[in-house]
Amino acid sequence: EARDSEGDMAAVRLVSASSRQDCLRQVEYYLCDENLPYDEFLLSRRDASGAIECCVLANANRIQSYLPALTPRQRALLLYEVGEESDSIKRVAPCSLARQRPLPADDESAARSAFVKFPRNAEPPALPNLRRLRDLRETREFTGACVVEFGSEEEAKKFVSETGREIDGVAVAEIRLLSEHFAAQIDRKRKRPSSATVVVAFADARSGLERETFKNAKLHGLVFVDYDRGDATGHLRFASDAEADEALATLEAWPESFSKLNDDETKAYWTLVSNRRRHSSLGNARQHKRGRGAARPARRGRGLTIS
């Protein structure tokens, strides 16, 4: 076992600095305010302290794509190692990661903190208890967004109400209470699903059809493929009606039959998606309760996001 561990760490040390940074940014994103509160699967895998085992995070498709040469155990060890470099997550022995701060809904400091956005490339003013936020989708660079924590709600409200268009010569693009920022974030998430996309259903799927088949077709405006290989039916999500109609014209030559859902059908589809997510979350939670030593069957992803 010691020899195996030495071999695993030797493989981890061979990973490039850029791949390590990609992995660090990705796990920080998985656990950030924008993602974790809305990720039912990861929420179901948190232990009593809020930590998530690195072996769970290491199985994510994005992490696997960054570390194609590593085994699952090696990927987990690398995530635990890079977690030490983070300013938003922390390592929890023996091999888990957790947020440094509470989830937004549990953060009692939100009411006495201000969310301030400065220009992306500007150095923020020297304010006490200032915490800078990073771009966790692309570069891990600071975004210009900051959180400033105060001793009381009154101080925070006074700071927000009395701050003008700049602080110490640095322009202020946006300022509000952190609690209001969290509320707006929740509102955006609630409004995003069905109203933001147009759904096209398809049936009579040919043998060998895959999600990547649609991605490779480069259909303009395609944002998500909801399909499992081997199924007879599936759904495509488009960003707009016009783009869905353009794709339907292209897909007429395909052997499958395609049709755009009407309002009632779209509502029924999103209800089905919601129920499917809830069922998956409950299944994962029950599986976790069986014990960490229990064998876990491989999970098959349902959809493919087109970026």
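## Reading a predicted fold, feature by feature

Mentor: Of the 307 residues of this protein, 42% count as buried. Buried here means under 20% relative accessible area, exposed means over 50%, and partly exposed is in between (1.4 Å probe, protein chains only). Keep in mind that this is a predicted model: local features need pLDDT of at least 70, side-chain atom pairs count only at pLDDT 80 or more, and totals for chains, interfaces and linings use all residues. Residues are numbered from 1 along each chain as its sequence is written, and side-chain values use heavy atoms, with hydrogens and water left out.

Trainee: Got it. How many helices and strands does the protein have?

Mentor: Eleven helices and 14 strands. Both are DSSP runs numbered from the N terminus: helices are H or I with at least four residues, strands are E with at least two.

Trainee: And what share of the contacts with a separation of 6 or more comes from residues 24 or more positions apart?

Mentor: That share is 63%. Contact means heavy atoms within 4.5 Å.

Trainee: Let's go inside. Which residues have the most contacts inside the largest nonpolar core?

Mentor: The idea comes before the case. A nonpolar core is a set of buried Ala, Val, Leu, Ile, Met, Phe, Trp, Tyr and Cys residues joined through side-chain atoms within 4.5 Å. The largest one here has 32 residues, and V27, Y30, L57, I63, L67, L78 and L79 have the most contacts inside it. At least two residues of this core come from each of α1 (2-13), α2 (17-30), α4 (54-57), α5 (61-66) and α6 (72-82). Helix α6 gives the largest share, six residues.

Trainee: Is α6 mostly covered or mostly open?

Mentor: Mostly covered, with eight of its eleven residues buried. Those are Q74, R75, A76, L77, L78, L79, Y80 and V82.

Trainee: What is V27 in contact with, leaving aside its neighbours within four places in sequence?

Mentor: V27 is in contact with L57, I63, L79, I89 and L97. There is also a second, separate core of 18 residues, which includes V198, V225, F238 and L251.

Trainee: How do I read the sides of a helix? Take α7: which of its residues are buried?

Mentor: An α-helix has 3.6 residues a turn, so residues three or four places apart point the same way. In α7 (residues 153-162), the buried ones are A156, F159 and V160. They lie on the same side of α7 because they cover an arc of only 95° around the axis, the arc being that of the directions from the helix axis to the C-beta atoms. On the other side of α7, E154, S161 and E162 are exposed. The buried residues pack against β4 (113-117), β7 (166-167) and β9 (174-177).

Trainee: Now sheets. What is the strand order in the open sheet of three strands?

Mentor: Strands of a sheet pair through backbone hydrogen bonds, either parallel or antiparallel. Two strands count as paired if DSSP finds at least two bridges between them. The order here is β1-β3-β2, with antiparallel pairing. β1 (52-53) and β2 (89-92) are the edge strands, each pairing on one side only. Between β1 and β3 (residues 96-99) there are two bridges, and E53 has S96 in β3 as its bridge partner.

Trainee: How many disulfides are there?

Mentor: A disulfide is a covalent bond between the sulfur atoms of two cysteines; the rule used is a pair of cysteine sulfur atoms within 2.5 Å. By that rule, the count is zero. For C55, the nearest cysteine sulfur is that of C95, 7.3 Å away. C55 is partly exposed, at 34% relative accessible area, whereas C146 is buried, at 2%.

Trainee: One more. Where is D135, and is D135 buried or exposed?

Mentor: D135 is in the loop between β5 (130-134) and β6 (142-149), and at 13% relative accessibility D135 counts as buried. Its side chain makes a polar contact of 3.4 Å with that of T139. A polar contact is a pair of N or O atoms within 3.5 Å; within protein, one must be able to donate a hydrogen and the other to accept it, and residues adjacent in sequence count only if both atoms are side-chain atoms. Not counting residues up to four places away in sequence, D135 touches R25, R120, R140, E141 and T143.
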